[in-house]
Every structure is written in structure tokens, then in C-alpha cells.
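User: Could you take a close look at one part of this model for me? I'd like to hear about a helix and what surrounds it.

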Amino acid sequence: MNVDLESLAEATSGAIGSLLSTTILYPLDTCKTKYQAEARSHGNRKYRNLSDVLWEAVSKRQIISLYQGLGTKNLQSFLSQFVYFYGYSYFKRLYLEKSGYKSIGTSANLVIAAAAGAVTAITTQPLDTASSRMQTSAFGKSKGLLKTLTEGTWSDAFDGLSISLMLTSNPAIQYTVFDQLKHRVLKNNANKAEKGVSPASLSALMAFLLGAISKSIATCLTYPAIRCKVIIQAAEADEESSKTQIKSPKTVSGVVYGIWKKEGILGYFKGLHAQILKTVLSSALLLMIKEKISATTWVLILAIKRYLLLPKGRVKNL
């Protein structure tokens with residue numbers, strides 16, 4: 001059985017980068033998610049800005065609750081990034097082998113990224129739904145993963161799947177922009193790595209900047225769908241906030257109408273600044289870590305290949 005070691009390295013480095021960035025920025029992610037899930041009703045709202053969510057946690061002495069659902073989020077993040085990066089790298093290599101092209105165009109890159117994103121969404125949707133419910137629960141009242149997933153029907157665990165599939169365009173746009181920018185930067189780099197030793201790689205700072213730019217573009221283009229997804233997956237409002245929150249409709253059309261009725265057209269972009277702040281930092285950190293890990297593990301991949309290709313007798317003598 002042949003193992004695609006290069007795709008495996010891409011997947012592993014991407015998953016580790018996602019795990020670290022998710023953990024570092026999780027309190028910000030919780031504040032962002034709770035802020036997005038709330039809808040204004042007749043001019044009233046509980047959270048007027050992102051800092052209000054943080055202040056609520058502080059005033060109720062529930063700082064630790066900013067990490068509610070972290071384990072589930074990390075599991076979902078690790079698996080989704082592993083599946084995505086493996087699928088993206090594998091499909092891209094397969095395309096190049098079958099087509100005979102030396103490089104991949106923007107259109108083909110978008111299709112490949114979307115396909116990898118669709119596989120990822122279907123595979124990790126229950127964990128995605130559970131983590132959103134945990135984050136939007138009242139501080140200190142979050143339930144465990146198993147209880148969160150089993151309190152409703154099995155289909156409830158896949159709430160937001162249709163919109164998640166729509167949002168495969170987000171990473172597709174992000175990684176396409178990143179790859180194209182990376183290709184141009186490396187092409188202009190005079191210090192190219194020698195063939196067979198190590199592929200040229202971006203500096204940590206450049207990877208961070210390109211990651212921030214690519215994610216900002218993708219987020220702005222897909223944000224209305226992102227907010228609809230948060231509301232669909234949000235935990236049911238408690239008695240204290242039931243008057244100011246949209247109850248979670250299970251259809252995209254229900255959410256779209258609810259936002260329009262209660263908040264108007266600007267409601268579709270509520271929390272955009274918070275989303276950009278969190279996702280840009282998270283994505284930039286992820287891509288920066290992945291880039292450095294990928295460059296380091298390339299030498300190990302070559303060593304593994306060389307070891308596997310050595311004759312058995314020569315291995316014994318080493």
C-alpha cells in the first residue's frame with residue numbers, strides 16, 4: 001500500500017497549526033460567537049460590542065467559562081484541518097499527475113479546495129455543531145460533548161450542514177489566494193533551495209502576512225453566510241436573554257428572514273469586525289506554524305523515503 005507522505009505531512013502540519021491557534025485565541029472566539037448569535041429586537045440588545053461579552057464573564061466571575069467547549073473545538077479543529085489539508089494536497093497532486101501540468105490554475109485550485117472543504121464539512125459537522133452550542137450557552141452552563149450531541153435527534157447534530165457546504169468557498173478562496181501569493185513571493189526569491197534538499201519556504205512573518213490577507217478577503221466575501229450558520233447552531237436562549245436573541249431556526253431561509261426582520265440589511269454583517277479579528281489572527285497563525293513545520297518535516301520525509309529504498313543488507317550494516 002502506497003502512502004502519500006507529502007500529503008500526510010501537509011495534513012499533520014496543518015492540523016497542529018490549527019490546534020495551537022485555536023487554543024491561543026479561544027476566549028476571543030467564544031466572545032465573537034456569543035456576540036454573533038445575539039440579534040437586536042426593537043432596538044434592544046444585550047451585547048453592544050465585543051467587549052460586553054468579556055465584561056459579562058468578568059462580572060459573573062466566569063472567566064474560565066470563556067474556555068467552555070475548548071476540548072470539542074480543538075478536536076473538531078484538528079480533525080477538520082487534517083482532513084482538509086490531506087484532501088487538498090492529495091487532490092492537487094492527483095490533478096497535476098493526471099493533467100500533466102506543471103502548475104495549477106486558479107479555477108482548478110478553487111474546485112479542488114471546495115471538494116476538500118465539502119469532505120471536511122460532512123466529516124466534522126457534529127463536532128462543529130456541538131462546539132457552537134457550548135460556546136453560546138450561558139456562562140457556566142455548558143454541557144459535555146456527549147450530552148450536547150444526544151439531547152436532540154441525530155439530525156440536530158448536523159444543523160447547519162447545508163450552509164457549511166456553502167461555506168466551503170471560504171477556505172477555497174483563502175488557500176487559493178494564499179497559494180498564489182506564496183508562489184509569487186517564492187518566485188521572486190533569489191535564494192531558492194537546491195533540488196532534492198529542501199523546498200523554498202516563506203519566513204514566519206511573510207507567512208503570517210499572506211495568511212492575514214487571504215483570510216480577510218475570504219471572510220468579507222462569505223460573512224453573511226457565516227453569521228447565519230452561527231445562529232442556526234447556537235444554543236437555545238435562556239430566560240434572561242430570550243427576548244433579545246433569535247431562537248435557532250433550522251433552515252437557512254428562516255435565519256435570513258429573522259435577521260432581516262429584526263436587524264435589517266446591516267444585521268447580516270453584525271460582528272464582521274470581530275470575525276475578521278479572530279479568523280485573520282487564527283488563520284495567519286495556522287499558516288505560519290504550518291509553513292515552518294512543513295519546511296522542517298520535508299527533510300524527515302526524504303530520510304524516510306531513502307531508508308525505505310535502501311537494500312535490506314545495507315540497512316543491517318548501517
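Analyst: Let's start with leucine 20, which is partly exposed at a relative accessible area of 41% (partly exposed lies between buried, under 20%, and exposed, over 50%, with a 1.4 Å probe and protein chains only). This is a predicted model, so local features need pLDDT of at least 70 and side-chain atom pairs count only at pLDDT 80 or more, while totals for chains, interfaces and linings use all residues. Residues are numbered from 1 along each chain as its sequence is written, and side-chain values use heavy atoms, leaving out hydrogens and water.

Leucine 20 sits in helix α1 (helices are DSSP runs of H or I, at least four residues, numbered from the N terminus). Together with Ile16, Leu19, Ile24, Leu75, Phe78 and Leu79, Leu20 makes up a nonpolar surface patch with about 540 Å² of accessible area. Patch members have over 30% relative accessible area and no salt bridge (a Lys or Arg side-chain nitrogen within 4 Å of an Asp or Glu carboxyl oxygen), with nonpolar side chains joined within 5 Å. The areas are Shrake-Rupley values with a 1.4 Å probe. α1 gives the largest share, 4 residues, and α4 also supplies at least two.

Now for α4 itself: residues 70-99 span 42 Å from first C-alpha to last, close to the 44 Å expected at 1.5 Å a residue (1.5 Å times one less than the number of residues). Just after α4, glycine 100 has a positive phi of about 85 degrees. Beyond its neighbours within four places in sequence, tyrosine 84 is in contact (heavy atoms within 4.5 Å) with residues including Ala113, Thr120, Pro171 and Tyr175.

Terms used
Patches are made of residues with over 30% relative accessible area and no salt bridge: like charges are joined within 9 Å, nonpolar side chains (Val, Leu, Ile, Met, Phe, Trp, Tyr) within 5 Å.
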